[in-house]
Amino acid sequence: MKNTFLIIIISFLSQLTFAQTATLSGHIKDKKNGEALIGATCYFLISERELLPNEYGYYSITVPAGTYKISFSYIGYETQNITLDLSKNQVFNILLADENKELDAVTVVGTRKDRNIESTEMSMEKLPVKLVKKLPSFMGEVDVLKTITLLPGIQSGGEGSSGLYVRGGGPDENLLLLDEAPVYNASHLMGFFSVFNSDAIKDIQVYKGGIPAEYGGKASSVIDIRMKDGNSQQLSGQAGIGNISSRLTLEGPIIKDKWSFIVSGRRTYADVVGRMIGIDELKDNQLYFYDLNLKTNIEFSHKDRVYISAYTGDDYFKLGESLYMRWGNITGTARWNHIFNGKLFSNTSLIYSKYDYSLGVPSNSVDQFDWNSRIEDFNFKQDFSWFLNTNNKIDFGLNIIKHHFEPGNIETNESSFFEPLKLTNYNAISSAAYVSNEQKFGSLLTIKYGLRLSVFQQIGIGKLREYENPEKPQSDEIVSETSYKTGDKIGSPFINFEPRISAKISTGETSSVKTSYNRMAQNLHLISNTNSPTPLDIWLPSNKYIKPLIVNQVAAGYFRNFSNNTYETSLEFYYKDMQNVLDYKDGAELFLNEDLETELLTGTGYAYGMEIMIKKQEGQFTGWVSYTLAKSMREIPGINNGDPYPSTYDRTHDFSLVTNYDINKRISLSASWVFSTGNPVTYPVAKYNVQGNTLFYYSDRNSNRIPDYHRLDFSFNYNFKKNEYRKVKQLLNVSLYNVYGRRNAYSIYFRPNEDNPAIIEATRLSILGTMIPSITYNINF
């Protein structure tokens with residue numbers, strides 16, 4: 001048996017070493033600006049071999065030596081067909097030019113038409129930024145996260161919310177990445193806008209399931225957003241002015257084809273304009289947000305390229321000398337791409353991320369205070385892609401993150417009646433290693449399988465409290481408290497094996513069946529009892545009393561295209577099993593609580609659903625229809641008598657209709673209509689008077705719902721250009737948000753009737769109850 005196994009290995013290695021093969025590698029880029037074309041295709045016409053470049057536009061394929069006809073293509077670009085003599089290894093970089101299409105050939109995607117069928121990826125969506133900019137916007141601000149909620153399986157947390165519920169998971173279970181850096185709070189203006197400026201974004205990928213092994217740390221989804229690299233061919237820019245904000249982006253080469261940059265900024269100006277025109281209410285008050293994106297990349301040689309990118313953004317609110325509040329993110333990424341040979345591609349990343357907020361009274365009065373909180377990451381990441389042969393592509397790497405948590409610090413001056421307070425800080429090391437292989441078995445079956453090993457260790461400086469009953473800690477049962485020095489291990493590490501596998505079976509030229517399984521471990525927990533993230537939420541690491549959230553998800557789907565791939569259809573089913581799910585005790589007190597673990601309860605959960613999507617991606621009329629039928633439940637001892645109850649993120653029905661109609665090359669119309677089942681909520685069902693005090697008796701946890709949500713949005717886009725070759729192009733967008741003025745309920749609260757206080761009545765709280773028009777003027781140069 002041993003000899004047989006040895007013979008197989010020797011035979012395999014001999015084929016790799018001595019077979020007469022040649023490797024073709026290089027980058028596929030946009031001829032106009034030098035940007036990598038993620039999702040382009042390199043196709044060998046006779047042998048019918050094909051491959052896709054990675055996220056940096058790099059491709060590599062090893063074939064038997066010979067002469068080949070090769071086609072390089074990308075939707076919306078001119079296909080290039082070339083003939084190459086591959087008698088030896090070659091580096092071939094290709095630049096694809098925009099395709100000047102007639103109106104009836106307009107497309108809305110930037111990947112090959114049948115990728116949804118041919119790739120192993122399922123439960124994954126790519127959003128073209130060009131389409132996002134055409135859709136209706138709120139107050140003239142194009143929002144990537146709002147567009148993501150129009151996809152099946154992804155729901156919004158509600159009006160004025162940046163939280164995303166993905167397949168029954170919470171808003172803290174989504175890994176939001178901007179150039180590989182985690183973004184912990186993606187909201188501006190209390191959730192009405194996101195921090196992602198569409199002018200600075202190149203590519204958006206959303207994974208709901210079948211998550212590749214390179215990603216980890218969050219349980220439900222990955223939203224991977226890549227910034228533009230900067231135009232390496234010529235100086236260009238774009239600017240826009242809308243109802244509440246203005247934007248400016250500049251990009252260009254420092255050394256043509258070698259070194260480029262991009263700078264993109266955005267700021268609201270309602271407070272500035274208000275003071276200029278003499279609005280008294282804004283004289284001493286401030287309310288604004290801003291974003292600044294920076295990036296540069298340098299090609300040192302055909303084998304080495306360095307990218308450096310950064311983001312900073314803040315919200316600031318100040319009400320005279322009475323109150324101030326600010327929150328914001330800072331991220332930074334330095335990446336080095338190195339090509340060892342035609343087959344082995346490396347990316348080394350150093351990543352920094354910080355989210356912090358502050359709240360206080362700025363004056364020297366007796367109620368003065370400054371409250372601060374933050375989470376900060378230092379991250380090292382090493383990734384390799386090994387293009388072994390035409391049937392195997394192996395990805396492997398490692399990741400080490402140092403987390404620092406400051407849940408809350410209160411500082412006061414001598415005249416304040418508030419006392420200074422400093423909650424315990426936390427530190428942790430998160431490390432992971434992964435390997436995966438995408439393997440083709442003939443033309444019908446492709447399997448991508450991998451494993452991620454994650455290790456999470458809480459470390460000092462820190463403290464650990466011991467309770468009489470560690471399984472059910474109570475704040476009045478503290479036995480002892482142990483302090484740890486810098487770098488000391490606190491408790492045992494959490495070690496998790498996270499297998500990932502997905503498979504695609506071709507069932508014809510226009511259809512395929514796919515299935516996937518992934519196990520995810522999450523060690524960072526958002527402590528909040530609201531339905532959506534707020535600026536004042538805090539993050540805590542897994543520890544002795546808060547175990548990692550473990551999610552196992554299986555999914556299966558059928559994918560079919562029609563009319564030469566003009567229409568895409570998909571039907572997916574999924575089931576998620578959740579362990580160590582957190583929820584809060586009835587009446588939990590989370591504000592500045594040193595012993596938060598005493599307010600938490602742990603149990604299990606599950607979610608399942610069906611997702612349908614029909615998309616038309618070519619022609620004058622484009623868009624999609626998506627529908628989700630889903631259930632998300634929790635079962636936690638101590639809540640609802642231990643019986644299962646709907647989670648806060650349960651949405652039975654979710655429907656989206658998105659349309660875009662190009663009347664001609666200068667005018668287009670877009671509209672979207674959304675409907676979703678109302679949020680689960682707990683209502684009082686009875687009241688009692690006890691010694692003059694009114695007490696309420698509540699229904700089972702989340703046994704009621706607020707009214708269903710629905711909204712219609714509309715936009716009109718006008719392009720001033722008279723021909724394609726004008727250097728300055730002007731565009732006008734007019735949007736109508738909430739066209740029929742639906743008063744969607746944000747929440748329901750109860751109050752005494754004004755005429756008869758003995759009667760308690762339900763009152764709907766609506767953030768928006770009218771149509772919101774906006775107009776945005778954009779210019780590209």
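Which residues does S119 touch, not counting residues up to four places away in sequence?

1. S119 touches K504 and K514, where contact means heavy atoms within 4.5 Å. S119 sits in the loop between α2 (115–118) and β9 (124–127). Its C-alpha atom is separated by 9.1 Å from that of A503, 384 residues apart along the chain. S119 counts as buried because its relative accessibility is 12%; buried means under 20% relative accessible area, exposed over 50%, and partly exposed in between, with a 1.4 Å probe and protein chains only.

2. A word on the basis: this is a predicted model, with local features needing pLDDT of at least 70 and side-chain atom pairs counting only at pLDDT 80 or more, while totals for chains, interfaces and linings use all residues. Residues are numbered from 1 along each chain as its sequence is written, and side-chain values use heavy atoms, leaving out hydrogens and water.

3. Overall, the protein has 5 helices and 51 strands; these are DSSP runs numbered from the N terminus, helices being H or I with at least four residues and strands E with at least two. The C-alpha trace spans about 95 × 75 × 50 Å along its principal axes. Of the 781 residues, 54% count as buried. Among contacts with a separation of 6 or more, 64% come from residues 24 or more positions apart.

4. On to the cores: a nonpolar core is a set of buried Ala, Val, Leu, Ile, Met, Phe, Trp, Tyr and Cys residues joined through side-chain atoms within 4.5 Å. The largest has 40 residues, and I148, F196, I204 and I225 have the most contacts inside it. Elements giving two or more residues to this core include α3 (129–134), α4 (144–148) and β16 (201–207). A second, separate core of 28 residues includes W327, L359, Y426 and F456.

5. F196 deserves a look in your viewer. Leaving aside neighbours within four places in sequence, F196 is in contact with V142, L145, L176, L178, V183, A186, I201, I225 and R266.

6. Is L421 buried, partly exposed or exposed? L421 counts as partly exposed, because its relative accessibility is 34%. L421 belongs to strand β27 (residues 421–422). Beyond four places in sequence, L421 touches G408, N409, I410 and L592.
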